[in-house]
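Q: Can you walk me through this model? Start with the overall layout, then we'll pick at details.

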Amino acid sequence: MGIYTETKHPTWTNALPALRAANSTLEDILLAALAAAGFDSALGSPGWRQRPVFLQSFEAASLRYMARRSCAPSILLLGDWEE
């Protein structure tokens, strides 16, 4: 079983007083939870193939932040293309 997770509105969430007071971010909390559950193996390793994880977001900055702290593949989501 794998996990395909998304950071929802990370800029807004990271501005919440509780996260600021804790000196933490949504991304840090997510990555810590994934690691605690064993979803922190290197991409392509036997551990990753058993427990794959993907990180996705509509915010590129959130993905860049997590890419510096994780080896999980990142997926940049795009918004609605209709005008």
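Q: What should I know about the source?
A: This is a predicted model: local features need pLDDT of at least 70, side-chain atom pairs count only at pLDDT 80 or more, and totals for chains, interfaces and linings use all residues. Residues are numbered from 1 along each chain as its sequence is written, and side-chain values use heavy atoms, with hydrogens and water left out.

Q: What share of the 83 residues is buried?
A: Buried residues make up 30% of the 83. Buried means under 20% relative accessible area, exposed over 50%, partly exposed in between (1.4 Å probe, protein chains only).

Q: On to H3. Which residues are buried there?
A: Glu27, Leu30, Leu31 and Leu34. They cover an arc of only 95° around the axis, which puts them on the same side of H3. That arc is taken from the directions from the helix axis to the C-beta atoms.

Q: Why would residues three or four places apart point the same way?
A: An α-helix has 3.6 residues a turn, so residues at that spacing point the same way.

Q: What do the buried residues of H3 pack against?
A: Strand E1 (3–7), helix H1 (10–14), strand E2 (53–57) and H5. Contact here means heavy atoms within 4.5 Å.

Q: Take H5, then. At what angle do H3 and H5 pack?
A: About 45°, with the axes of H3 (residues 26–36) and H5 (residues 60–67) 10 Å apart. Axes are lines fitted to C-alpha atoms, for helices over the stretch in contact, and angles run from 0 to 180 degrees between N-to-C directions. H3 and H5 are therefore oblique to each other; under 35 degrees counts as roughly parallel, over 145 as roughly antiparallel, 65 to 115 as roughly perpendicular and the rest as oblique.

Q: Which residues meet?
A: Glu27, Asp28, Leu30 and Leu31 in H3 meet Ser62, Tyr65 and Met66 in H5.

Q: And what follows H3?
A: Gly38, with a positive phi near 90°.

Q: New topic. Where is Ala15?
A: Ala15 sits in the loop between H1 and helix H2 (17–21). Ala15 is partly exposed, with a relative accessible area of 43%.

Q: How far apart are Ala15 and Pro52?
A: They are 37 residues apart in sequence and 30 Å apart in space, C-alpha to C-alpha.

Conventions
Helices (H or I, at least four residues) and strands (E, at least two) are DSSP runs, numbered from the N terminus.
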